[in-house]
Amino acid sequence: MTNRLALRADLLDITADPGLSSVDAPSVRFDPDCWLLVEDGRIAGRTRETPGDDWDKRDFSGRLLLPGFIDTHVHCPQLDVIASHGEALLPWLERYVFPAERRFEEAVAAREGADRFLDLLLAHGTTSAVVFPTVHKVSVEALFQAAAGHGMRLITGKVLMDRHVPDYLSDDVVSARADCIELIERWHGRGRAAYALTPRFAPTSTPAQLSMAGELLSRYPGTYMHTHVAENRDEVGWVASLFPEARSYLDVYASHGLLNERSMLAHGIWLDDADRALLADSGAQVAHCPTSNLFLGSGLLDWARLQAAGVGVSLATDVGAGTTLSMVRTLAEAYKVQALQGVKLTAWKALYAATRGAARALQLESEIGSLDVGATADLALWDWAHGPLAQHRDRLARELHERVFAWMTLGDERNLVSAWVAGTERWRRA
Ligand code: GUN
Ligand code: ZN
């Protein structure tokens, strides 16, 4: 029997790239007080008429229904060290992150960590993610198993790092290759799981390990590549000294076969014009992590230059350098990072980069990130305003952009009412 669910709310999604700063964007699709129809976990349509008795109807009039957010770069094991004081990237990794990641060598801890992480993503309205686990195979297994249990679209893969890390976190090319192959063959394409070759960043992999990752990326169709690039100036200098033959940090990845249209590179702050052209030509994507970049003092993303070069940018929390799992707060911080550079990021572009734009970057636009007919019903329902100040501001909004911008600037996970994954409600506010 067909499973029929109808949700009444203010429906909002973005149908195409609205550009960085144009408030008058034709790609904004807003249907206030409308029923979204979900059949067998997929979006089947929308209607203003009340659906018939064969629909399970839930009336959320006056609330905002969006596609679930896609967090395109986040670290599962780093929930334990979010909000750690006083360091920039490289010493922060040594002092806080590496000891925390060690705990995931143990299967029970990895499983508990994965469950906690995915429950928290849903509690923040995020229904899909591109995730760093740890170097340990069990940490990847744990994430894939937990995601399958929640029915979530998840992209992850064993972190590769065979130098410049403590011995307890180090792998080697031969064992890492065998682990990757085993994990790819078990998980890639199973349900909603997909595998990402995941070198941590250029300094922690030997050239031989980067080449191995490039080889597997081309050998296994549909796999992704997920890493960090050009986040911090000390890091960029370190990469230049480790890879003197490379033209740039990004070129290290390109020259090891790691740049293609399924590559997701976090940060991309310290790039030049040649790098931006290389990203555009390869189709690789930058995951912008504003709360992380501000927290670690890494720098300000030049989104306007990336946009002008034709490089896709999606949004990400980058917890635990990022200071929140809330994509709503991430949208607000992205606005501020652009404001510091004189760019007026619209709510439309910010929303796009956290939904359909991210899905497009992952080549999953027909599945996630929108309210299109045929898309999987990964949805999040929000209060337009939480608390008296936001409610006051919401009442004064005269047009839609003003209202959505106030929502993203003042809102957070407390605005979330419910989250659905493939049409099943997986989180509901108590
Ligand atoms: N570069 C290499 N590893 C990391 C990490 O864990 N977090 C961030 N923000 N940058 C990195
Ligand atoms: Zn990161």
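Biologist: Which residues point one way from strand E12 (residues 285-288), and which the other way?

Modeller: The model is a predicted one. In strand E12, Gln 285, Val 286, Ala 287 and His 288 are all buried. They are divided between two directions: Gln 285 and Ala 287 point one way, and the other way point Val 286 and His 288.

Biologist: Through which helix does the chain cross from E11 to E12?

Modeller: Strand E11 (residues 263-267) pairs with E12 in the parallel sense, over three bridges. The β-α-β crossover from E11 to E12 is right-handed. The helix through which the chain passes is H8 (residues 273-282).

Biologist: What is the bridge partner of Val 286 in E13?

Modeller: Val 286 of E12 has Leu 265 standing opposite. E12 is also joined to strand E13 (residues 312-315), with which E12 runs parallel, by four bridges. In E13, the partner of Val 286 is Val 313.

Biologist: Why is strand E5 (residues 69-75) described as largely enclosed by the rest of the structure?

Modeller: A residue counts as buried if 20 or more other C-beta atoms lie within 10 Å of its own. E5 is largely enclosed because its buried residues number seven of the seven.

Biologist: Which residue in E6 stands opposite His 75?

Modeller: E5 and strand E6 (residues 126-132) run parallel and are joined by five bridges. His 75 belongs to the residues around ligand 1. Its opposite residue in E6 is Phe 132.

Biologist: Which helix gives the most to the shell around ligand 1?

Modeller: The residues around ligand 1 include Leu 89, Leu 93 and Val 97, as well as Arg 200, Glu 231 and Asp 318. By class, this shell holds five nonpolar, three polar and three charged residues. The greatest contribution, three residues, comes from helix H1 (residues 89-102).

Biologist: How far apart do the C-alpha centres of domain 1 and domain 2 lie?

Modeller: The domain assignment gives domain 1 as 4-68 + 371-428 and domain 2 as 69-325. The C-alpha centres of these two domains are separated by 30 Å.

Biologist: Which strands each supply at least two residues of the side of domain 1 that touches domain 2?

Modeller: The contact takes 13 residues from domain 1 and 14 residues from domain 2. On the side of domain 1 that touches domain 2, eight residues are nonpolar, two polar and three charged. The strands that each supply at least two residues of this side are E14 (379-382), E15 (416-421) and E16 (424-428).

Methods
Residues are numbered from 1 along each chain as its sequence is written. Chains are lettered from A and ligands numbered from 1 in the order in which they are written. This is a predicted model: local features need pLDDT of at least 70, side-chain atom pairs count only at pLDDT 80 or more; totals for chains, interfaces and linings use all residues. A residue is near a molecule or strand if its C-beta atom, placed from the backbone, lies within 6 Å of it. Ala, Val, Leu, Ile, Met, Phe, Trp, Tyr, Cys and Pro count as nonpolar, Asp, Glu, Lys and Arg as charged, and the others, Gly among them, as polar. A residue is buried if 20 or more other C-beta atoms lie within 10 Å of its own, exposed if 12 or fewer, and partly exposed in between; C-beta atoms are placed from the backbone. Two strands pair if DSSP finds at least two bridges between them. A crossover is right-handed if, with the strands pointing away from the viewer, the path from the first strand over the helix to the second runs clockwise. Domain bounds come from an automatic or database domain assignment. Two residues are in contact if their C-beta atoms, placed from the backbone, lie within 7 Å.
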